[in-house]
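Please look over the sequence and the structure shown here, and keep both in view while you read.

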Amino acid sequence: PLPRPFTVPLPIPRAARPVAPNRYELTQRAARVEIIPGTTTEVWGFDGTFPGPTLELRRGTPVTVRVRNELPVPTSTHLHGGVTPADSDGYPTDLVVPRGRTFRPHGMHGHHDPSAWTLHPEAKDYVYPVEQRAATLWYHDHRMDFTAPQVWRGLAGIAIVRDDEDDALPLPKGERDIPLFICDRAFEEDGSFRYPSLDPTLLVRPGVEDAYMEGVQGDVILVNGAPWPVLDVATARYRLRLLNGSNARRYRLELTGGARFVQVGSDQGLLAAPVEHTALSIAPGERFDVVVDFSEYPPGSEITMVNTLGEGGTRAVMRFRVARRVRDDSRVPERLADLPPADRATAVATRVFDFRRTRHDSHDAWTINGVPYRPGMPVAEPRLGTAEVWRFASDFHHPVHLHLAHFQVLARGGREPEPADAGLKDTVDVRPYEIVDVLVRFDGYRGRYMLHCHNLEHEDMAMMADF
């Protein structure tokens with residue numbers, strides 16, 4: 001039996017504690033936790049929690065995160081939205097292998113070439129320079145062919161970059177600055193996660209049953225690891241950092257009672273100016289930083305966040321219960337940040353990437369430009385410090401994510417970008433038979449990076465490419 005919605009309090013993931021100045025250690029391990037009240041679920045989590053501990057980062061303060069693997073499978077950790085050196089980016093064949101276990105490289109796409117794989121015994125240090133603006137990021141597993149089931153089992157957490165520019169704004173702070181990691185899961189009768197893997201050990205045969213090729217969705221909506229939770233709020237503004245951490249589910253979020261989202265940030269931090277929305281569509285991997293004002297609601301009021309794309313239990317997300325009156329000196333200023341102009345004329349090249357399901361070697365595969373993923377074979381070689389126009393086309397909903405590079409949406413379907421496309425982004429939802437043009441800036445580091453679909457089942461089935 002599933003719990004009645006809005007009976008479980010919203011948990012706030014704990015902040016990761018440094019083991020030394022600017023140094024963290026996260027251990028990937030199995031643990032039993034209570035997600036569905038009255039039963040326990042085995043998660044594979046960073047420090048045994050789901051979501052993992054929140055990494056609180058500061059612009060200009062580099063950190064090293066040692067990831068130790070005590071799971072029965074290899075892992076690779078990607079800081080989604082991070083501007084990081086290539087060897088700390090979480091490349092899918094750069095793996096941490098648990099102690100005492102042998103690993104023979106293999107995969108559904110014929111990646112048997114030993115030179116494509118780098119194996120680290122037991123642990124790896126990921127170096128994050130954090131020379132980027134304040135933003136809500138997240139980190140998650142990125143293992144070749146098995147990202148989807150390993151994230152589904154819990155290998156994900158939030159990372160928040162802060163800086164002086166963001167701190168100086170009168171936006172809600174402290175206990176009114178709340179991350180919301182939204183995802184869906186399904187459960188077996190005994191409380192364990194239910195997922196249609198062809199190989200439940202996640203050691204030999206990648207992939208899912210044919211019925212789930214388009215992506216795996218669950219029937220329970222979790223926020224910060226709790227099913228349909230409730231949060232007591234005061235009569236004040238709250239900053240909500242929305243993250244879609246689902247494998248494949250898209251959400252169209254709305255608030256009941258006439259409440260609205262005032263968007264102040266996108267994937268890569270502050271917008272130039274706030275944008276008000278009655279509804280927000282959010283694809284896997286995307287983040288929206290919004291302010292919601294509860295000051296006009298008397299104590300006892302209840303405002304529900306709903307997903308209008310959902311049915312039955314997947315329509316509800318969470319509830320806010322106004323519990324007390326307070327004074328609130330926060331506000332949303334008319335100007336937030338200075339952003340570079342999205343000038344198509346600054347691009348030195350234009351490239352087209354077609355995300356499509358194609359027939360390949362007698363089976364269907366999700367491909368980019370008709371080619372399944374081939375590690376180490378770049379589809380583009382942009383120059384550091386330049387900008388290019390990348391055109392994404394699709395046959396399905398494909399949330400396209402770029403590692404390292406950030407971009408601005410120039411056009412959607414041949415028209416102006418939509419209001420929710422504002423700001424600097426690293427993930428954009430490309431809808432069926434739609435073309436989206438983005439201006440990509442290649443800043444940061446030289447090396448090998450990736451673009452891929454962030455529907456994780458599509459990613460595992462070869463919808464990736466190197467650049």
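Predicted model: local features only at pLDDT ≥ 70, side-chain atom pairs only at ≥ 80, totals over all residues.

How many salt bridges does a search of the whole structure find? The search finds 39 salt bridges, and three of them can be followed here in some detail. In one of these, the side chains of Asp166 and Arg239 meet, with a distance of 2.9 Å from N to O. Asp166 belongs to helix H2, which covers residues 164-167, whereas Arg239 belongs to strand E15, which covers residues 237-244, and so this pair links distant parts of the chain, 73 residues apart. Asp166 has a relative accessible area of 7% and is therefore classed as buried, since buried means under 20%. Arg239 is buried as well, with a relative accessible area of 3%.

Another salt bridge is formed by Arg391 and Asp437, whose closest N and O atoms are 2.8 Å apart. Here too the pair links distant parts of the chain, with Arg391 in strand E25 (residues 387-394) and Asp437 in strand E29 (residues 435-441), 46 residues apart. Are the two partners buried or partly exposed? Arg391 is partly exposed, with a relative accessible area of 33%, while Asp437, at 4% relative accessibility, counts as buried.

The remaining pair to follow is Arg412 with Glu434, a salt bridge in which the closest N and O atoms are 2.9 Å apart. Arg412 is in strand E27 (residues 406-412), Glu434 is in the loop between strand E28 (427-430) and E29, and the two residues, 22 residues apart, link distant parts of the chain. Arg412 is buried, with a relative accessible area of 5%, and Glu434 is buried, with a relative accessible area of 10%. Salt bridges can also share partners, and in this way Glu56, Arg162, Asp166, Asp177, Arg239, Arg241 and Asp289 are joined into one network; Asp166 and Arg239, the pair described above, are among its members.

A contrasting case is Asp199, which is found in the loop between strand E11 (177-185) and strand E12 (220-223). The side chain of Asp199 does, however, reach the backbone nitrogen of Val204 at 2.8 Å. Once neighbours within four places in sequence are left aside, Asp199 is in contact with Val204 and Arg205.

Asp47 is found in the loop between E2 and E3, and Asp47 has a positive phi of about 60 degrees although it is not a glycine. At 17% relative accessibility, Asp47 counts as buried. Val130, in the loop between strand E8 (123-128) and strand E9 (135-141), is a residue other than glycine with a positive phi, near 55 degrees. Val130 is buried, with a relative accessible area of 3%.

Which residues does Cys183 touch, not counting residues up to four places away in sequence? Cys183 touches Phe50, Val220, Ile221, Leu222, Gly245, Ser246 and Tyr251. For a sense of scale, Cys183 and Glu302 are 119 residues apart in sequence and 22 Å apart in space, taken from C-alpha to C-alpha.

A search of the whole structure finds five cavities of 30 Å³ or more, and the largest cavity has a volume of about 80 Å³. This largest cavity is lined by 15 residues, and those that lie nearest its centre are Pro149, Tyr195, Gly207, Val208 and Asp460.

Terms used: Residues numbered from 1 in each chain as written. Heavy atoms only, no water. Helix = DSSP H or I, 4+ residues; strand = E, 2+ residues; numbered from the N terminus. Polar contact = N/O pair within 3.5 Å; in protein donor to acceptor, adjacent residues only side chain to side chain. Contact = heavy atoms within 4.5 Å. Buried < 20%, exposed > 50% of the residue type's maximum accessible area, 1.4 Å probe, protein only. 1 Å grid on protein atoms, 1.4 Å probe; cavity = no way out; pocket = protein on both sides within 12 Å on 5 of 7 lines; lining within 4 Å. Points joined across faces, edges and corners; volume = space filled by probe spheres on them. Salt bridge = Lys/Arg side-chain N within 4 Å of Asp/Glu carboxyl O.
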